[in-house]
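Please read them with the sequence and the coordinates open beside you.

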Amino acid sequence: MTTSRKKTKISVYLDPEVMKMLADFAARRDRSQSMVAEAAIASFLSPDDAERREAVLARRLDQIDRRITRLERDVGISVESLAVFIRFWLATTPALPEPAAKAARAKAGERYEAFISALGRRLAQGPKLRQEVSEDVDDRASS
């Protein structure tokens, strides 16, 4: 034996902007305004509403934490790469006598422009260093 549950009609006053948002949302979802309003009120009155919001916030914070961890890793790779390059360059490059140093400074400008062009191409298309460096390097080093 089934009992029919008749819905109760209520009248509410809505701000024109809220009414427009309700109408737009209902139209986008191809639902009635009544159904959207009923679902919104039920959600608002639901005792687990705060728990759901907390869970959503926790998920977002976890995503942000993972992104920051990746950023820290990428910056660490960049700093270490630069340090290794500078140490190698300083160890292998002899000082030049003054006449040769002048010519070297002129050539350095050309080489710097070529470096910037190559860097720009790599950033635009190629694989990034952070993609080439395995994330489990630390795991292998500590084993």
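1. Is methionine 19 buried, partly exposed or exposed? The model is a predicted one, and in it methionine 19 is partly exposed, because its relative accessible area is 34%, a value between the cut-offs of 20% for buried and 50% for exposed. Methionine 19 lies in helix 1, and once its neighbours within four places in sequence are set aside, it is in contact with Leu14 and Gln33.

2. The contact between methionine 19 and Gln33 belongs to the packing of helix 1 against helix 2, whose axes come within 9 Å and cross at roughly 110 degrees. Helix 1 is therefore roughly perpendicular to helix 2. On the side of helix 1 the contact is made by Met19, Leu22, Ala23, Phe25 and Ala26, while helix 2 contributes Gln33, Val36 and Ala37.

3. Helix 1 itself covers residues 16–29, which is 14 residues, and its span from the first C-alpha to the last is 20 Å, close to the 20 Å expected at 1.5 Å a residue.

4. Most residues other than glycine have a negative phi, whereas aspartate 30 has a positive value although it is not glycine. Aspartate 30 is found in the loop between helix 1 and helix 2, the latter running over 33–45. With a relative accessible area of 67%, aspartate 30 is exposed, because the value is over the cut-off of 50%.

5. Which rings form the one aromatic pair that the structure holds? They are those of tyrosine 112 and phenylalanine 115, and because their planes stand at 40 degrees, with the ring centres 6.5 Å apart, the pair is tilted. Both residues are in helix 4 (residues 98–124), where, being three residues apart, tyrosine 112 and phenylalanine 115 are separated by about one helical turn. In general, an α-helix has 3.6 residues a turn, so residues three or four places apart point the same way.

6. Turning to the chain as a whole, its secondary structure comes to six helices and zero strands, so that the order of elements from the N terminus reads α-α-α-α-α-α. The protein chain has 143 residues, of which 6% count as buried. Its accessible surface comes to about 13,500 Å², and carbon and sulfur atoms account for 60% of that area.

How values were computed:
Residues numbered from 1 in each chain as written. Predicted model: local features only at pLDDT ≥ 70, side-chain atom pairs only at ≥ 80, totals over all residues. Heavy atoms only, no water. Phe/Tyr/Trp six-rings, centres within 6.5 Å; stacked < 30°, edge-to-face > 60°. Helix = DSSP H or I, 4+ residues; strand = E, 2+ residues; numbered from the N terminus. Expected span 1.5 Å × (residues − 1). Buried < 20%, exposed > 50% of the residue type's maximum accessible area, 1.4 Å probe, protein only. Areas by Shrake-Rupley, 256 points an atom, 1.4 Å probe, with all protein chains shown as cover. Axes fitted to C-alpha atoms, helices over the stretch in contact; angles between N-to-C directions. Parallel < 35°, antiparallel > 145°, perpendicular 65-115°, else oblique. Contact = heavy atoms within 4.5 Å.
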